[in-house]
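Here's a quick briefing to read alongside the sequence and the coordinates. Have the viewer open and follow along.

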Amino acid sequence: MNYKILVNKNNKINDDYLSEVKLITTKNVDGIDVQLEEETYEAFLKLQKFLEEKGIIVGISSAFRTIERQKEIYQRFIEVYGKEYADAVVAPVGCSEHHTGLAVDINMQKEDGTWPVGNNELMAQEPELVKTHQFLAQFGFILRYPKDKENITGYPYEPWHLRFVGKETAKKIYAENCTLEEYLKREEEEKWNLKQLSEKDIQQEVTVIKKLKKKN
């Protein structure tokens, strides 16, 4: 399972991935069935319990989406807000992280025990949501669309949108204060540099062997 899979406006979900991902069905804060990839779900339950012990009650708002569901959301936003706004905030069909089953939009219970309705109400909880961000990595999650990274991720700041990448990767991304895009780019660059060094070492060894053969 590739927990570092990159899905954004420039990288569509792979059909092979969709056919292989194993999903667990649970309920969101509205009592509606939602699905998450199995390890992501287990990690979320641990995060949820950890936060509850700190007096922070979170639940799932949105999780896995089918291609068909993304089409419906995109079309609805066009009808209500216009295409320009829809293109800015809604992922193109096939390019949503929610297709992976690794992304979860969380909701945070208000003091009166009710759940915020819609992103505007949820954004009012932003100071409390931010308090949870420091704990995400220890459970394998990252904040997928952080503030001031819109030009890299292609999406505005979403303090509720979490992405499971595994503990090791999550801790590195948190420590480096970078996005998944930046992390994967650096990782690729490091691999390329190592390959170049390896090729250089091989050439040096070949040169040494040739010199030794000439002496003999």
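**Asn28 and its loop**

We start with Asn28, which sits in the loop that runs between β1 (23-27) and β2 (33-37). Keep in mind that this is a predicted model. Asn28 counts as buried because its relative accessibility is 10%, and the cut-off for buried is under 20%.

- A polar atom of the Asn28 side chain lies 2.9 Å from the backbone nitrogen of Asp30.
- Looking past its neighbours within four places in sequence, you'll find Asn28 in contact with Val34, Ile60 and Ser61.

**The overall picture**

- The protein has nine helices and six strands.
- Of its 216 residues, 42% count as buried.
- Take the contacts between residues at least 6 apart in sequence: 65% of them join residues at least 24 apart.

- Glu97 belongs to the loop between α4 and β4 (103-108).
- Is Glu97 buried or exposed? It counts as buried, at 2% relative accessibility.
- The side chain of Glu97 makes a polar contact of 2.6 Å with the side chain of Arg163.
- Leaving out residues up to four places away in sequence, Glu97 touches Val7, Ala103, Arg144, Tyr145, His161, Arg163 and Leu180. Arg163 therefore turns up both in this list and as the polar partner, while Glu97 itself is at 2% relative accessibility.

**Helix α8 and what follows**

- Thr169, Ala170 and Ile173 are buried in helix α8 (residues 167-176). They lie on the same side of α8, because the arc they cover around the axis is only 100 degrees.
- As background, an α-helix has 3.6 residues a turn, so residues three or four places apart point the same way.
- Glu168 and Ala175, on the other side of α8, are exposed.
- What comes after α8? That's Asn177, with a positive phi near 50 degrees.
- Asn177 is placed in the loop between α8 and α9 (180-215), and it is a residue other than glycine.
- With 60% relative accessibility, Asn177 counts as exposed, since exposed means over 50%.

**Another positive phi: Asp148**

- Asp148 isn't a glycine, yet its phi is positive, at about 65 degrees.
- You'll find Asp148 in the loop between β5 (141-143) and α7 (150-153).
- Asp148 is exposed, and its relative accessible area is 62%.

- Val80, Tyr81 and Tyr85 make a nonpolar surface patch of about 340 Å².
- One of these, Tyr85, is part of helix α4 (residues 83-89).
- Tyr85 has a relative accessible area of 40%, so it is partly exposed; that class runs between the 20% and 50% cut-offs.

**Gly118 in α5**

- Gly118 is in helix α5 (residues 118-123).
- How exposed is Gly118? Partly, with a relative accessible area of 46%.
- From C-alpha to C-alpha, Gly118 and Asn107 are 9.6 Å apart in space, and they are 11 residues apart in sequence.

Definitions and conventions. Residues are numbered from 1 along each chain as its sequence is written. This is a predicted model: local features need pLDDT of at least 70, side-chain atom pairs count only at pLDDT 80 or more; totals for chains, interfaces and linings use all residues. Side-chain values use heavy atoms; hydrogens and water are left out. Helices (H or I, at least four residues) and strands (E, at least two) are DSSP runs, numbered from the N terminus. Buried means under 20% relative accessible area, exposed over 50%, partly exposed in between (1.4 Å probe, protein chains only). Contact means heavy atoms within 4.5 Å. Patches are made of residues with over 30% relative accessible area and no salt bridge: like charges are joined within 9 Å, nonpolar side chains (Val, Leu, Ile, Met, Phe, Trp, Tyr) within 5 Å. Accessible areas come from the Shrake-Rupley method with a 1.4 Å probe; for residues, only the protein chains shown count as cover. A salt bridge is a side-chain nitrogen of Lys or Arg within 4 Å of a carboxyl oxygen of Asp or Glu. A polar contact is a pair of N or O atoms within 3.5 Å; within protein, one must be able to donate a hydrogen and the other to accept it, and residues adjacent in sequence count only if both atoms are side-chain atoms. The arc is that of the directions from the helix axis to the C-beta atoms.
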